[in-house]
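Please read it beside the sequence and the model.

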Amino acid sequence: MLLPALLLPVLLHAQAPSLQKLWETDTIIAIPESVLPDPANHILYVSLIDGGPWDVDGKGGVGRLSPDGKQYNGNWVTGLNAPKGMGRFGNRLYVADISNVVVIDIAKGTVIKKIPVPGESGLNDITVDNNGVVYVSDSKSGKVYRIEGDVPTLFMDKLDGANGLKASGKNLYILARKQVLLADPQKNLKVICDLPNGGDGVEEVGNGDLIVSEWVGNVFYVYADGRKVQILDRKPEKKNTADIWYEQKTKTLYVPGFFGKTITAYRVNL
């Protein structure tokens, strides 16, 4: 009678997760680094570098894309500097902008303010927790900052190549070079798994598992126990897989193609 119980974990993961492409834009998106759905307003926000990945050139901005990928406005917010990760709380859209976190009034489509992070020049990903606290990574210095009341304070350092972030209750997932980490409120770190190249975006599936992207073109499904399986390889297409977003309700994964200049939507089959 023990045999079925022993086999149960194997059977639960016998069929690996897979992706089904739903749609892909034309190559018209000006170097998209991050995508963030706004279901209430039926829109996808897209950060647009539109220049050198770390250039302070004012060419960047935030575009808006319809949920079916058919209607695109690349000039919603302009004048930014190689914007990357985004996070939202209420009517505020937060955007990592090299040395500042830009705060955008969503209803008006205008920049409210810029929150400087002194001494930093590699701000990359952003996540916002349920209380509106903003976390932003700096890939060049290997630090993560916590922003509350529009005031940044150092949260953690010595995180080599700190990039992707995802707030999870009181915890924080962090991608640091080739490691997927989980930090608790006391800043204790747990290694979830290692990656072959280096993580970019990290998203929660909703069952304890994760979906993690590598900028080089890989996307992995990471089980809660640390096992991982590759579910996307875009390297043969010469397309990147940058800062992804997973919408749990619809099981939709949005993938910015960066230099490939596309946004692609996939259904995640679990």
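Predicted model: local features only at pLDDT ≥ 70, side-chain atom pairs only at ≥ 80, totals over all residues.

1. Residues are numbered from 1 along each chain as its sequence is written, and side-chain values use heavy atoms, with hydrogens and water left out.

2. The largest pocket holds about 580 Å³ of space. A pocket here is an open set of points, on a 1 Å grid over the protein atoms alone, where a 1.4 Å probe fits, with protein on both sides within 12 Å along at least five of seven lines, and lining residues have an atom within 4 Å of a point. Its volume is the space filled by probe spheres set on the points, with grid points joined across faces, edges and corners. Of the 30 lining residues, Leu-36, Thr-127, Val-128, Lys-166 and Trp-245 lie nearest the centre of the largest pocket. Two or more lining residues come from each of strands E2 (32-38), E6 (86-89), E10 (123-128), E14 (162-168), E18 (199-204) and E22 (245-247); strands are DSSP runs of at least two residues, numbered from the N terminus. By class, this lining has 14 nonpolar, eight polar and eight charged residues, where Ala, Val, Leu, Ile, Met, Phe, Trp, Tyr, Cys and Pro count as nonpolar, Asp, Glu, Lys and Arg as charged, and the others, Gly among them, as polar.

3. The second largest pocket has a volume of about 410 Å³. It is lined by 17 residues, of which Asn-124, Asn-163, Gly-199, Asp-200 and Trp-215 are the closest to its centre. The lining of the second largest pocket divides into five nonpolar, seven polar and five charged residues.

4. Trp-215 is found in the loop between strand E19 (210-214) and strand E20 (218-222). Trp-215 counts as partly exposed because its relative accessibility is 33%, the scheme being buried under 20% relative accessible area, exposed over 50% and partly exposed in between, with a 1.4 Å probe and protein chains only. Together with Val-216 and Phe-259, Trp-215 forms a nonpolar surface patch with about 260 Å² of accessible area; such patches join nonpolar side chains (Val, Leu, Ile, Met, Phe, Trp, Tyr) within 5 Å, from residues with over 30% relative accessible area and no salt bridge. Accessible areas come from the Shrake-Rupley method with a 1.4 Å probe.

5. The count of salt bridges comes to 13, a salt bridge being a side-chain nitrogen of Lys or Arg within 4 Å of a carboxyl oxygen of Asp or Glu. Arg-92 and Asp-150 meet in one of these, at 2.8 Å from N to O. This pair links distant parts of the chain, 58 residues apart, with Arg-92 in strand E7 (residues 92-97) and Asp-150 in the loop between strands E12 (143-148) and E13 (151-156).

6. Glu-120 and Lys-143 also form a salt bridge, their closest N and O atoms being 3.7 Å apart. Glu-120 counts as buried because its relative accessibility is 7%, whereas Lys-143, at 25%, counts as partly exposed.

7. Asp-225 and Arg-227 meet in a salt bridge at 2.9 Å, N to O. Salt bridges that share partners join Lys-21, Glu-24, Arg-234, Glu-237 and Lys-239 into one network.

Note on methods:
Patch = residues over 30% accessible without salt bridge, like charges linked within 9 Å, V, L, I, M, F, W, Y side chains within 5 Å. Helix = DSSP H or I, 4+ residues; strand = E, 2+ residues; numbered from the N terminus.
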